[in-house]
Amino acid sequence: MRMLRIAAGAEAASFAVLLGNLLTTHTQAITTLVGPLHGTAYLVVIAAASMVPSAAAPGARWRAAVPGAGGLLALRRIRNGSRGSRPLTRHAQEG
């Protein structure tokens, strides 16, 4: 899970840098350096999401395949899916 968090952050940050570069100066050096980093982070997100046992939450693995923000979407789905799978406490069942 920790690897997924790190890779998701790297994927989102590198995507933001690439998009910012595309919309402003379009410097080739930034594209050359950050492009492979983004691609590697994207692949690590997909691999890490498929290895997390709690990624069995519906749609978590598919969300990881979304370029740019897929890692963050998968993390959110895994977090929400694990909260929803907890048994209710007695107090929550009553009211």
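**Figure 1. Overall fold of the predicted model.** The protein has 5 helices and 0 strands. Along the sequence, the pattern reads α-α-α-α-α. Of the 95 residues in the protein, 24% are buried. Among contacts with a separation of 6 or more, 53% join residues 24 or more positions apart. The accessible surface comes to about 6400 Å². Carbon and sulfur atoms account for 66% of that surface.

Figure 2. Ser 14 has a relative accessible area of 3%, so it counts as buried, the cut-off being under 20%. Its side chain makes a polar contact with the side chain of His 38, at 3.0 Å. Leaving out residues up to four places away in sequence, Ser 14 touches Val 34, Leu 37 and His 38.

**Figure 3. The largest nonpolar core.** This core has 12 residues. They are Leu 4, Ala 7, Ala 8, Val 45, Ala 48, Ala 49, Val 52, Ala 60, Ala 64, Ala 74, Leu 75 and Ile 78. The elements giving two or more residues are α1, α2 (28–51), α3 (60–64) and α4 (70–84). In soluble globular proteins, nonpolar side chains tend to be buried together.

Figure 4. Neighbours within four places in sequence are set aside here. Ala 64 is then in contact with Tyr 42, Val 45, Ile 46, Ala 49, Gly 70 and Ala 74.

Notes. Residues numbered from 1 in each chain as written. Predicted model: local features only at pLDDT ≥ 70, side-chain atom pairs only at ≥ 80, totals over all residues. Heavy atoms only, no water. Buried < 20%, exposed > 50% of the residue type's maximum accessible area, 1.4 Å probe, protein only. Polar contact = N/O pair within 3.5 Å; in protein donor to acceptor, adjacent residues only side chain to side chain. Contact = heavy atoms within 4.5 Å. Core = buried A, V, L, I, M, F, W, Y, C linked by side-chain atoms within 4.5 Å. Helix = DSSP H or I, 4+ residues; strand = E, 2+ residues; numbered from the N terminus. Areas by Shrake-Rupley, 256 points an atom, 1.4 Å probe, with all protein chains shown as cover.
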